[in-house]
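Please take a look at the structure below. This report walks through it one part at a time.

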Amino acid sequence: MAGRAQPVGHRSGVGAAAIVAVLILGALVAVALRAEPGRGLGPSDWAAVRFTVVQAALSAGFSVAFAVPVARALARRRFAGRRILIALLGAPFILPVIVAVLGLLAVFGRNGWISVALGWIGLPPLQIYGLHGVVLAHVFFNLPLATRLILQGWQEIPAERFRLAAQLGAGSRAMWQLLEWPMLRQIVPSVLAVVFAICLTSFAVALTLGGGPKATTIELAIYQAFRFDFDLGRAALLSCIQIALTGTAALIALRTSRGDGFGSGLDRPVERWDAQGTAARIVDGGVIALAAGFLLMPLTAIVLAGLPGLADLPATVLSATLNSVFVAGISTFVTLALALPMAVAVALGRGGFVEFSGLLGLAASPLVIGTGLFIVIYPLMDPALLTLPVTALVNALMALPFALRILVPRARQVIDRYGRLSLTLGMAGRPFLRRVLLPRMRAQIGFAAGLSAALSMGDLGVITLFADSDRATLPLQVYRLMGAYQMQAAAAAALLLLVMSMTLFWLLDRGGRWHAEA
């Protein structure tokens, strides 16, 4: 495609990618230049690298292995409450990590629901701390994302193919071999790489569930280098290793997401004739019930713990809520402003530098980016005055890789399908964007906006290093209440944070949820 005329240009996408690269790499350089000559990386740092890779591989493997049967069951079944269930299944990925960890501890912890039930029958309680606890938490967070991405692959198969297979008498096994397995071979590698890259940057999960030095991730080691040692050189080296690992995985994700598609159809709803038997219904129902139970029990625990204290929330929580909404709004706008032109550039085949820049947000440490930006700002003005805008900018850079993963496949599909016709009709540039591309990407834009807003709403990263009492966000306020042992107020604030994150996601993701139901 890159060698012939196109209905839209790629320069704005390259420009957006350049801005992203300058911000992220410039921040890393700023930290490195302020660092004093150090001893380099020690054995504990390399142990953190090894643990990071192992836990990310296990987390990605389990998440995708469980997501395939869940997505297949959801693709084959229509039932009352399905829309609500799909929306709720997306909740863990957009949950603030600290809130989700509280829910996991309430269910799987030593004094959690399951441990209490095991005690009734004379079995020992569960041990959630360590490698298995980190993997459990990552599966909880990433199973919904993997399910949504794989479910979209099922829904991209035209209904006419299923109709033809049914007319030819194809059963469930034949349908799997002819339609579903080829789709999974195209979709699953990119989903694996995406989840692997996400788990490489784990921070709060390892901090709360790691269980000691043997379960330390790279991001947690960077935090320790900043907070306890103020060793900027060590933090910069660890960040470079993280960029190399995560950037490689993320590039693999984008590369493997390219394919020939699954053909075109008439956009009819898919009716599955291959799963009408009693056994298939029981299997699909059991898979959906297990996934729903695993994902919704921690959410239920958060609701039950937080409801009694909602009426007595302190005023600081309400002001922190407004700050979080402000940060989420700016972050979402910046994410879309960068992601849309970059997605178009990638779809046009100009994706080398653009993809690299977009993936830097996933690969780089937000702590390093935030610190570097404040180092640059400090000679010009008081960085504390820009705490919330800088936090929003860093959140946008962190959300950008997910937005690109959502937008790029659809942008490529629309340009491939309608680009030549639009040129023939003399429709290029802004008219093509306004009348052809953006309307057909409405679902993906809504999904990307909702995801970006929810992730920003629940972020607990850069804000912890630089915020004062007047500029706290809601996740930081939850953390402070927990540190002050005001657990009822913390639980209530966590419930408010959950409701706000889900509301923003639902409002902005309406188009994305409509696409998921098609």
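## A term to start with

The bend at a residue is the angle between two fitted axes: one through the seven residues ending there, the other through the seven starting there. Keep that in mind for helix H7. There, a kink of about 35° lies at Asn 142.

## The whole chain

This is a predicted model. The chain has 518 residues, and 55% of them count as buried. Its secondary structure comes to 23 helices and zero strands.

## Helix H7

Helix H7 covers residues 131-156, which is 26 residues. From its first C-alpha to its last, H7 reaches 36 Å. That is close to the 38 Å expected at 1.5 Å a residue.

Why is H7 described as largely enclosed by the rest of the structure? The reason is burial: 22 of its 26 residues are buried.

## Aromatic rings

A pair of aromatic rings is described by the distance of the centres and the angle of the planes. A search of the whole structure finds five aromatic pairs. One of them joins Phe 140 and Phe 141. Their centres are 5.6 Å apart, with 70° between the planes. This pair is edge-to-face.

Are these two residues buried or exposed? The cut-off for buried is under 20% relative accessible area. Phe 140 has 0% relative accessibility, so Phe 140 counts as buried. Phe 141 is at 7%, so Phe 141 counts as buried too.

Phe 140 also pairs with Phe 294, again edge-to-face. Ring pairs link Phe 108, Phe 140, Phe 141 and Phe 294 into a cluster.

## Ala 236

Ala 236 is found in helix H12, which runs over residues 232-256. Its relative accessibility is 7%, so Ala 236 counts as buried.

Which residues does Ala 236 touch, leaving aside those up to four places away in sequence? They are Leu 28, Val 31 and Ala 32. Ala 236 and Leu 28 are 208 residues apart in sequence. In space, their C-alpha atoms are 6.7 Å apart.

## Asn 395

Helix H17, residues 387-424, holds Asn 395. Asn 395 has 7% relative accessibility, so this residue counts as buried. Setting aside residues up to four places away in sequence, Asn 395 touches Val 327, Ser 331, Ser 456 and Asp 459.

## Where H14 meets H21

Helix H14 spans residues 315-347, and helix H21 spans residues 474-483. Their axes come within 7 Å. They cross at roughly 150°.

Which residues make this contact? From H14 come Thr 316, Val 317, Ala 320, Thr 321 and Ser 324. From H21 come Leu 474, Pro 475, Gln 477 and Leu 481. By type, the residues of the contact divide into five nonpolar, four polar and no charged.

Key: Residues numbered from 1 in each chain as written. Predicted model: local features only at pLDDT ≥ 70, side-chain atom pairs only at ≥ 80, totals over all residues. Heavy atoms only, no water. Axes fitted to C-alpha atoms, helices over the stretch in contact; angles between N-to-C directions. Helix = DSSP H or I, 4+ residues; strand = E, 2+ residues; numbered from the N terminus. Contact = heavy atoms within 4.5 Å. Nonpolar A, V, L, I, M, F, W, Y, C, P; charged D, E, K, R; others polar. Buried < 20%, exposed > 50% of the residue type's maximum accessible area, 1.4 Å probe, protein only. Expected span 1.5 Å × (residues − 1). Phe/Tyr/Trp six-rings, centres within 6.5 Å; stacked < 30°, edge-to-face > 60°.
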